[in-house]
Structures are given as structure tokens and as C-alpha cells.
Amino acid sequence: METVKHDTLRGTTAYKSECFICNQGCDARVHVKDGKVVLIEGDPSSPVTKGTLCAKGLASKGILYHPDRLLYPMKRVGKRGEGKWERISWDEAYDTIVRNLTSVEKKHGPDGVLLATGTNRGWVGYFTRFANAYGKQCMGPGIAQCWFPRMTAGILALGSPALENPYYEGSKCLLVWGVNPTSTWPAKAVSMMEARSRGAKMIVVDPLLCETASKADLWLQLRPGTDAALALGMLHVIIEEEIYDKGFVDRWCFGFDEFKKRVKEYPPERVAQITWVPEHLIRDAARLYALTKPASITECLAIDQNADTISTTRSLSILAAITGNIDVPGGNVISMPKKHLERKVESGLDYLTKEHHEKRLGSREYPFLAGEACVMPSPSAHNYTVWQAMLTGKPYPVRAVYCHGNNMLVAYPNTPMVTEALMSLDFFVVADLFMTDTARIADIVLPCGSWMERGGVALHDQTSFNGIHLQQKLAQIGECRTDYTVLNELAARLGFGERMFPSDDAYFDFLLKPSGITYEELKKKGRISIPDTFKKYETNGFNTPSRKVQIYDPRLEELGFDPLPAYREPTESPVSNPGLAKEYPLIMTTGGRVPVFRHSELRNIPVLKEIVPELLVTINPETASRLGIGDNDSIIIESPRGRMEARASLTEGIDPRVVQVPSHWPGKNNVNLLTDNKACAPMIGSAQLRCQLCRIRKKEEDGVG
Amino acid sequence: MDSILLIDLDNCVRCHACEVACREEHNLAFEGGPRWCRIMTVGPRQAAGELQMDFIPVMCFHCDEPACAEFCPVGAISKGEDGVVLVDEDVCTGCRLCVYGCPHGVMAYNEATRTAGHCDLCAVRRSGGLEPSCVQHCIGGALQWVTPEELATITRGEHTLMLGRTCYVSSKWNLQHDV
């Protein structure tokens with residue numbers, strides 16, 4: 001393919017790159033004219049995106065030349081959070097960081113320093129390496145509220161997070177569980193909608209009639225947080241009616257008989273009571289998914305945010321497995337990125353000792369997140385436990401944080417606690433693109449670049465699993481440096497430079513080694529396609545202790561947990577806490593995304609903000625009328641933790657007992673003013689963001705409320 | 001006849017890629033910039049025994065008898081031989097009569113250029129043989145750029161509503177037969 005192309009229509013030069021406005025990584029063409037990026041498009045030659053690009057990616061140019069971009073390093077000169085800054089050089093910034101981190105370490109020990117990062121942007125694997133090579137505990141990426149549970153469940157049960165890789169080509173049934181791919185996984189949505197146009201049936205599990213649900217053949221409107229019960233109910237039907245793949249189960253499943261006993265506890269009539277999904281729909285969905293082959297599952301983070309996220313995500317892996325839909329075309333496939341990129345070595349996990357794992361905050365309670373049992377390359381401290389350590393000094397003090405690309409003050413549950421904890425620090429560094437709420441309370445702010453401002457090599461499980469894609473640096477804004485460069489330069493000054501790489505390109509070369517080419521060569525090729533292969537388990541079995549699908553898991557038993565998936569009622573629900581539900585009668589589910597924003601980002605880009613100018617909370621008209629709330633009215637939402645403001649959007653697409661509050665809005669609109677972060681899912685420590693209680697009232701005209 | 005913009009309502013997923021692609025392509029992505037393409041939401045409402053919600057992309061239809069052209073006092077708007085309605089920016093005085101006159105609400109005033117404008121089916125892209133940007137970037141496959149022959153095969157003349165250079169199609173909605 002042509003990676004650099006003269007565009008005669010516009011008089012521009014179009015470069016092939018990889019959009020990382022989210023973690024998906026979509027092929028893009030960036031048009032440059034007179035040294036300036038003038039247009040961003042999808043890449044029609046891409047086998048993954050088929051030429052499309054989502055609203056966020058298309059609008060990326062708005063980030064590059066935004067008047068509010070951070071252009072140089074700054075240090076705080078007023079009180080913390082006062083907003084008084086002084087421009088400094090990169091050298092001064094690095095010197096200050098090294099001096100302060102070293103002094104905190106001297107005073108409080110190595111665990112006095114904590115690293116934090118946010119969602120994947122292509123470089124997050126390198127940040128993990130930085131944290132591991134530095135020997136410091138880290139929060140992120142994604143952690144217990146996103147990514148960790150479903151990846152962990154896939155690795156435990158199948159040896160690979162195959163449910164992240166639905167193979168839509170040839171799929172005849174699409175089970176879309178707690179995700180609206182048209183908003184959050186546009187490249188997946190392209191193939192998903194193609195499959196649907198070819199006649200594939202679609203089952204959507206979602207409490208809200210979202211865009212994808214509106215296209216479904218079967219829409220299962222469940223009570224938020226009851227996903228595991230629904231999955232186990234479907235499994236009950238499939239096993240009872242013997243419509244599972246017996247040949248596969250006999251040959252490739254470990255512990256099926258024990259599981260058979262377990263699902264007896266979940267007959268559809270009981271599951272209907274738990275989930276509010278009518279019994280006949282549970283049966284219909286189970287039959288449709290099990291009997292329409294091949295069938296794929298599409299999942300995302302909704303199932304990472306309830307009272308037992310490992311059970312939920314394992315149930316779905318088992319559902320795909322016993323119906324014979326693992327590693328077949330049209331099902332969910334096991335990817336092979338490690339064979340093509342140096343992922344394992346990249347993570348620097350080998351730099352960690354047993355002591356690191358034992359001392360990590362949350363390791364005892366949540367071993368799959370923070371302990372040695374963690375199967376991810378980025379074992380992560382548990383956030384509630386971290387804030388506690390900052391606030392109380394127990395089990396040991398955490399006094400300095402280096403935060404790279406994470407707006408913690410908006411993104412993490414229980415904003416008041418997060419704010420208090422971070423405000424109490426001795427030293428706080430934030431690397432970001434804009435002066436975010438989190439950057440505002442830092443001591444040092446470092447300016448980094450967006451996806452157009454760095455190179456990269458993209459290959460990851462979630463979408464581009466069948467190819468390695470080129471990302472190119474095409475713009476330079478102010479004194480901004482790439483994330484790779486900042487980490488390399490910091491590592492060198494902190495004394496572990498030899499564990500990192502001398503330059504961005506040297507690191508990309510290292511990643512590409514198994515593919516036998518260099519980054520320079522990839523710049524000419526644009527992408528490397530990896531042929532799809534199926535039923536890889538037939539050679540060496542599954543990558544699990546039994547070499548089979550691990551349905552019953554002795555590893556969980558050894559750690560003192562239930563070896564089989566089960567449903568656990570949300571800690572805060574009308575069922576588990578009817579007393580509290582009298583005061584806070586509505587179930588609040590948060591985290592549903594809109595197509596134009598990425599987490600807390602992009603609300604400063606006009607072309608996107610004009611599409612969703614305000615935070616809209618979805619409420620059933622019946623509930624709204626009982627509360628005297630009209631469409632578009634200003635409302636106050638309260639939980640036992642706090643209160644927030646929003647506007648009401650009335651829709652019959654939500655149950656009258658539930659309200660849906662979109663997340664990641666700043667200030668008074670921040671849902672994390674309401675969310676609890678203490679009652680977490682066992683094993684992995686997920687906050688139950690999809691299923692907490694709230695109450696709503698109209699905000700009075702005088703604004704007092 | 002040249003290609004037609006086919007809008008398959010079965011496949012619109014309200015991702016707004018069309019709207020942003022359009023504004024980026026035509027240098028309209030500034031604050032308060034004109035929106036030549038929008039997605040309307042219908043519902044959710046009870047229909048045919050279930051809760052239904054639909055999304056309708058709306059942009060200039062390139063009407064057979066464009067009201068905007070009739071309203072224009074200086075003759076800046078004309079329908080070309082290819083059926084595409086165009087505004088001549090050099091002639092347009094920015095009086096906005098066309099914005100008020102358009103019965104579909106798809107003419108938009110541009111504060112930056114002080115002229116009126118609307119979907120030109122990506123004239124620049126078409127001159128290079130490319131399909132309109134909204135079509136390339138449509139995530140759900142709702143927008144397609146098809147020849148009249150392809151249109152006839154795809155729709156078989158059923159459930160379609162032909163308006164100028166655009167044609168709506170839906171398996172659910174009982175649209176007027178007009179192809």
C-alpha cells in the first residue's frame with residue numbers, strides 16, 4: 001500500500017497512520033499541507049475499518065491546534081490547585097521530578113511513589129514496562145473497572161481473551177452484551193452491521209434501548225448488574241435442553257459436570273425474577289444463540305462493573321465455549337499477537353519480585369488485580385486501597401504520584417475521596433494534553449502529544465488482531481514530547497535507562513522483531529496482515545493448566561474463592577438493601593457512552609460538543625411524570641455519597657425503575673460525585689458502577705435546588 | 001443519470017460520523033459552523049407491538065424543483081445538469097432567504113464566509129472520482145453511493161422514497177413507492 005500519497009484533489013500529502021483517539025486503533029489517512037494537518041479521513045484500503053472512521057477520529061484535528069493545548073512544561077507557583085503556573089524547561093521539569101520522587105522514596109520507601117495511567121492509547125504497554133522496570137506499583141490501564149475482569153476471565157477459562165475478538169465474517173448470530181459498538185467500537189460495528197445486513201440475527205443485552213439494541217432481533221432489557229444471572233440462566237436452558245456442542249464439551253472442557261450442577265440453581269423462572277427479563281425471552285435468546293451457528297459474542301466494560309465481575313465474564317466465556325463457538329470463523333477467535341510482537345518481554349514483568357506483588361496495595365484482597373495471581377502483564381494497585389493509603393498512611397504511606405494520561409479526578413469513582421487523597425500528596429506530576437481537572441492540582445505538568453504527534457506500531461487484541469498497523473508522527477505542537485520519549489528520558493534520569501530504549505523508533509524495532517522487519521520498513525509497507533487461523537487448540541490444547549477450557553477452576557479454590565461462576569446481588573440494590581432503596585428508590589447505571597466523546601476527553605472540540613452539548617440522563621416518562629420532571633428539565637441526582645446536576649431526557653427505552661447517567665462529565669455533572677468505590681467485586685476489586693442507588697428531583701428555578 | 005445517495009434507514013446507527021466527516025471535509029468544523037448533515041431520532045415509541053427507535057440522516061435532497069433557488073433574490077442557487085443543487089458563493093449575498101425558504105431545513109448560513117451553503121454531495125471529492133465523505137465514513141452502511149441500476153437492484157422498487165438525488169429505503173417504514 002502507499003503510505004505517503006500526493007492528493008491532487010486537495011494539494012495535500014496524505015500519510016497512512018493509526019488513529020488512537022480511543023484504544024481501538026483504526027487505519028487513518030492524515031492530510032498535511034504546508035506542514036499543517038488539514039484533514040483526517042478513514043483509509044479505504046483498510047481491511048479492518050473498510051474506509052470508515054468514527055466521529056471522534058474524524059475530528060482529531062481539533063485537538064492538534066486547540067488554543068488550550070499545553071505547549072511547554074510548567075511548575076506550580078501558587079497553592080495546590082490555585083491555578084498559578086510558571087513555564088519551565090524540560091530539563092528543569094525532569095530534575096524536579098527526579099529530586100522529589102527520590103526524596104519521597106528515601107523517606108517512605110519505594111512504595112511511597114505510585115504511578116498511574118489511563119486507557120490504552122498505543123503506548124500504555126510501554127508505560128507498563130516503565131512502571132515494572134522502575135519497580136513501582138501502578139494503577140492502570142483500565143484496571144478493575146474495565147478490561148481486567150474480562151481479560152482475566154478469558155485467560156483463566158480459555159487461555160486467551162477470545163471474547164474480545166468476535167469474528168464477524170460468517171457469523172450468523174451476534175450476541176452483543178452490555179456494549180453499544182456503534183458508539184464505542186466503530187470498527188467492530190462496521191463488520192457487525194455488515195453481518196446483520198447479510199441476515200445474521202442479533203441479540204442485545206442492555207438496560208437501555210441504545211442504538212445497537214434498536215437494531216436487535218431480541219433485546220434483553222435486564223436489571224443493571226444482573227448479567228451473571230442472565231448468562232447462567234441461558235446456560236441452564238442450553239444444558240437442560242442439551243443444545244450445547246457435546247463433542248467439544250467431552251473433548252475440550254474441564255469441570256463440566258460440576259458446572260452442570262451449578263446452573264441447576266439458575267432456572268429461567270428464578271432468573272426472570274432476578275433480571276426482570278421475561279422467562280420466554282431468556283429461553284428464546286439461549287436457543288437462538290446456541291442453535292444458530294456460528295455465533296459470536298461482543299462484550300465490553302459493562303460486565304466489568306458489577307458485584308462479581310469475574311463470575312460474569314467467565315460465564316460468557318463458558319457460554320461461547322460449550323456452544324462450540326471458540327476459535328471458529330463466525331465465533332470468537334483466539335488471537336496470536338505475542339507471536340508477532342514482543343508483548344510479553346515488552347511488559348517488563350520479569351523486573352518484578354515476589355515482594356513487589358505482595359506489597360502492592362490490594363494484593364491480599366484482590367489477587368487477580370494486584371497480587372501474584374494476576375494474569376495480566378500490568379498488575380495494578382486497587383484504587384480505593386490506594387486512596388486510603390494516601391489519606392491514612394496505612395498500610396504504608398503513598399506520598400508521590402506520577403500520572404501519565406489519566407484524568408483521575410473525573411474518571412475514578414468517588415471523586416470527593418480521590419480529590420482529598422490527591423490534594424494531600426507531597427508531590428504530584430501529570431502528563432497530558434490539556435489542563436485537565438487532575439492536571440490543575442499537580443506540582444509539575446508535562447505536555448504530551450496526541451496520536452498524530454507520535455509514531456507507533458499497532459497490534460492489539462481488541463480490534464486489529466489480524467494485522468500490524470503503522471502509526472506515523474505527522475505534527476509537532478509546541479514543546480510537546482511523545483509519551484515514549486518522556487518515559488525514556490525520565491527512566492534515564494531515574495537510573496534505569498538501560499531497561500527502556502534510547503529512542504521511540506528503537507522501541508518500535510524491538511516490537512517488530514518477531515515479524516522480521518524494522519519500523520522504517522513498516523513505514524513503507526503500511527501494514528502487515530496476519531493470516532487468520534482457527535481451532536489452534538487442536539495442536540497443543542488451550543493455554544490453561546488442564547489444556548482444556550477451564551470451567552471449574554481449582555486456582556480460584558486455592559485462593560479461597562468459588563471455583564465456579566455464580567450470581568452475586570449488587571451490594572446496593574432494592575433486593576440487597578431495601579431500607580436504603582426506600583430513600584434512594586432508583587437504580588442508577590452509569591458508564592454508557594455517547595459516540596462523540598472518549599471518556600473525559602473531546603468536550604472541548606466544537607464539532608463534537610455541538611452534537612452532545614449537555615449531560616442527558618435517561619429517565620422513563622412514567623417515573624419523570626411522578627416526580628414532576630419534564631423533558632430537558634434541570635435535575636438533581638443524589639446518592640448516599642453526594643449530589644450532581646444534569647438534564648432529563650425522557651425515553652421509554654429505559655425501565656421506570658432505572659436511570660442511566662452518562663459518565664466522565666466534569667464539575668457538577670460528574671457522576672463520580674455519587675459513586676461508591678468501597679464495595680468491590682471479589683477477586684479483582686471492581687467498583688459496582690452499573691448498579692448503585694439514587695434519587696432524582698427537579699432543580700428549582702432559583703437554582704438553589 | 002449520475003449516482004444517487006441511497007439512505008438505508010435499517011442501517012443508520014446514529015454514530016454521527018457523517019455529520020463530522022461532512023464538516024471536516026468542507027472546513028465547517030469551527031464553533032457554530034453550519035451542519036449540512038444531521039441525524040434525526042424518531043422514538044422510541046410503541047409500533048407494531050414493540051418499542052422502536054429509528055434514526056434518519058437528513059441532508060440536501062437536491063429537489064427537482066428547489067425552493068431555495070426560487071427564494072434566492074440574486075440567482076446564486078441553481079440546479080445543474082447532473083441534478084445537483086449548488087450555491088455560487090461569489091454571487092450569494094448572505095441574505096438567508098434560502099435558509100428560511102427550504103422546506104427541509106437543510107440550507108445553512110456560514111458565519112465565517114457569510115454565505116449560504118448545503119450538501120453539495122462532496123463536489124470536490126466527486127471530481128476526483130471519490131464517493132461523498134459521509135458515504136465513505138458511514139459506520140452502519142446506511143449511506144451508499146449507487147448508480148440508478150444498482151439502486152433498482154438493491155431496493156427492487158419497494159419501500160423507497162426518492163427525493164431529487166437522494167433515495168430513502170427502509171424494510172420497516174412504509175415509504176412511498178417512487179423508483
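In this predicted model, 33 residues of chain A are in contact with 27 residues of chain B. Helix H7 (186–197) of chain A gives the largest share of the chain A side, six residues. Chain A has 705 residues, of which 60% are buried. Chain B has 179 residues, of which 46% are buried.

**Interface, chain A side**

- Five elements of chain A give two or more residues to the side that touches chain B: strand S4 (36–42), helix H1 (55–58), helix H6 (181–184), helix H7 (186–197) and helix H27 (606–609).
- H7(A) leads with six residues.
- By class, this side of chain A has 19 nonpolar, ten polar and four charged residues.

**Chain A overall**

- Chain A holds 28 helices and 26 strands.
- Its radius of gyration is 24 Å, close to the 27 Å of the globule rule for 705 residues, so chain A is as compact as a globular protein of that length.
- The C-alpha trace of chain A spans about 70 × 65 × 60 Å along the principal axes.
- Among contacts in chain A with a separation of 6 or more, 72% link residues 24 or more positions apart.

**Helix pair H18 and H20 of chain A**

- Helix H18 (residues 383–392) and helix H20 (residues 415–423) of chain A have axes that come within 9 Å and cross at roughly 45 degrees.
- That angle makes H18(A) oblique to H20(A).
- The crossing of H18(A) past H20(A) is left-handed.
- H18(A) makes the contact through Trp387(A), Met390(A) and Leu391(A).
- H20(A) answers with Met417(A), Val418(A), Glu420(A) and Ala421(A).
- The residues of this contact of H18(A) with H20(A) divide into six nonpolar, no polar and one charged.
- Glu420(A) is the charged one, because Glu counts as charged while Trp, Met, Leu, Val and Ala count as nonpolar.

**Helix pair H8 and H12 of chain A**

- Helix H8 (residues 227–240) and helix H12 (residues 279–291) of chain A pack at about 65 degrees, with axes 9 Å apart.
- H8(A) and H12(A) are therefore roughly perpendicular to each other.
- H8(A) passes H12(A) in a right-handed crossing.
- On H8(A), the contact residues are Leu230(A), Gly233(A), Met234(A), Val237(A) and Ile238(A).
- On H12(A), they are Ile282(A), Arg283(A), Ala285(A), Ala286(A), Arg287(A), Tyr289(A) and Ala290(A).
- This contact of H8(A) with H12(A) has nine nonpolar residues, one polar and two charged.
- An α-helix has 3.6 residues a turn, so residues three or four places apart point the same way.

- His469(A) is found in strand S18 (residues 467–471) of chain A.
- With 28 C-beta neighbours inside 10 Å, His469(A) counts as buried; the cut-off is 20 or more.
- Pro574(A) lies 105 residues from His469(A) along the chain, and their C-alpha atoms are separated by 48 Å.
- Asn488(A) lies in helix H21 (residues 483–494) of chain A.
- Asn488(A) has 22 C-beta neighbours inside 10 Å and also counts as buried.
- Not counting residues up to four places away in sequence, Asn488(A) touches Met500(A), Phe501(A) and Pro502(A).
- The C-alpha atoms of Asn488(A) and Glu498(A) are separated by 9.4 Å, and the two residues are ten apart along the chain.

**Chain B**

- Chain B contains six helices and ten strands.
- Its radius of gyration is 16 Å, which agrees with the value near 16 Å for a compact globule of 179 residues.
- The C-alpha atoms of chain B fill a box of roughly 50 × 35 × 30 Å along the principal axes.
- Residues 24 or more positions apart supply 54% of the contacts in chain B with a separation of 6 or more.
- Helix H1 (residues 17–25) of chain B is mostly covered, with nine of its nine residues buried.
- The buried residues of H1(B) include the charged Glu19(B), Arg23(B), Glu24(B) and Glu25(B).
- Ala17(B), Cys18(B), Val20(B), Ala21(B) and Cys22(B) of H1(B) are buried too.
- Just after H1(B), Asn27(B) takes a positive phi of about 55 degrees.

Conventions. Residues are numbered from 1 along each chain as its sequence is written. Chains are lettered from A and ligands numbered from 1 in the order in which they are written. This is a predicted model: local features need pLDDT of at least 70, side-chain atom pairs count only at pLDDT 80 or more; totals for chains, interfaces and linings use all residues. Helices (H or I, at least four residues) and strands (E, at least two) are DSSP runs, numbered from the N terminus. The radius of gyration is taken over C-alpha atoms; the globule rule is 2.2 Å times the number of residues to the power 0.38. A residue is buried if 20 or more other C-beta atoms lie within 10 Å of its own, exposed if 12 or fewer, and partly exposed in between; C-beta atoms are placed from the backbone. Two residues are in contact if their C-beta atoms, placed from the backbone, lie within 7 Å. Axes are lines fitted to C-alpha atoms, for helices over the stretch in contact, and angles run from 0 to 180 degrees between N-to-C directions. Angles under 35 degrees count as roughly parallel, over 145 as roughly antiparallel, 65 to 115 as roughly perpendicular and the rest as oblique. A crossing is left-handed if the near helix is turned anticlockwise from the far one by less than a right angle, and right-handed if clockwise.
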